[in-house]
Amino acid sequence: MSNSTTPPSSEVFAKHKSAIQNDNNTNNAASGAKMSFVARFLIFIFIPSFTGFTGLGISYLQQMREQNQSREEGEDLHVVDFDRDFVTPFLLAMALVVVLGFQTGGFSNGQNNRAAALTWPKTRKVQRVRKERVIVEDKEDKKGR
C-alpha cells in the first residue's frame, strides 16, 4: 500500500473521537427526555381513579354477596360508602404516584440524573493485614543432611 492513500493515524483518531462524542450527545439528549404532559396527566388521573373504582367495585360485590346469603338477626349489611371505598384508595394511590414522580425526577428516563429510591450508607473498606513468617532453608543445609 502506498502511504498517500491511508490517512494519518491522528486524522482517524479525530474522526473516531468525534463520532463517539456525537453518539454520546444523542444518547444523552434522548435519555434525558421527560414524559409529555398528556402522559403525566394520564398517570396522575388514571392510576388513582382505577384504584378508587376497584375499591368501589369490590365493596359493591361484597354488598351483593351479603344480600344473597342468609343473614342472622342482629348483623348489619355491608353498605357501600363512597368516602371509604373510593376516596381513600384514590388518595393513597395519588400519594404513591406523587412520591414516585418526585423519586424519578418527573418520570424522566434519564440515566444521568437518576437517584435511587433508597440510599445505602457509605461504607469504609477495611484492609486486613496478614502477617506471614516464611522460613527459607539454605540449599547447603539440605545437602549436608
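This briefing covers aromatic pairs and a nonpolar surface patch. The model is predicted: local features need pLDDT of at least 70, side-chain atom pairs count only at pLDDT 80 or more, and totals for chains, interfaces and linings use all residues. Residues are numbered from 1 along each chain as its sequence is written, and side-chain values use heavy atoms, without hydrogens and water.

**Aromatic pairs**
- The whole structure holds five aromatic pairs (rings of Phe, Tyr and Trp, the last by its six-membered ring, with centres within 6.5 Å; planes under 30 degrees apart are stacked, over 60 edge-to-face, the rest tilted).
- One of them is the stacked pair of Phe 46 and Phe 50, at 5.9 Å centre to centre and 20 degrees between the planes.
- Phe 46 and Phe 50 are four residues apart in helix H2 (residues 37-68), about one turn; helices are DSSP runs of H or I, at least four residues, numbered from the N terminus.
- Phe 86 and Phe 90 are also stacked, because their ring centres are 5.7 Å apart and their planes are at 20 degrees.
- Phe 86 and Phe 90 lie four residues apart in helix H3 (residues 82-103), about one helical turn.
- Phe 53, Phe 82, Phe 86 and Phe 90 form one aromatic cluster.

**Exposure** (relative accessible area, 1.4 Å probe, protein chains only: buried under 20%, exposed over 50%, partly exposed in between)
- Phe 46 is exposed at 54%, and Phe 50 is exposed at 52%.
- Phe 86 is buried at 11%.
- Ile 47, in helix H2, is partly exposed at 37%.

**Surface patch**
- Phe 37, Val 38, Phe 41, Leu 42, Ile 45, Phe 46, Ile 47 and Phe 50 form a nonpolar surface patch, with about 870 Å² of accessible area together (Shrake-Rupley method).
- Patch residues have over 30% relative accessible area and no salt bridge, and nonpolar side chains are joined within 5 Å, like charges within 9 Å; a salt bridge is a Lys or Arg side-chain nitrogen within 4 Å of an Asp or Glu carboxyl oxygen.

Definitions and conventions: Helix = DSSP H or I, 4+ residues; strand = E, 2+ residues; numbered from the N terminus. Areas by Shrake-Rupley, 256 points an atom, 1.4 Å probe, with all protein chains shown as cover.
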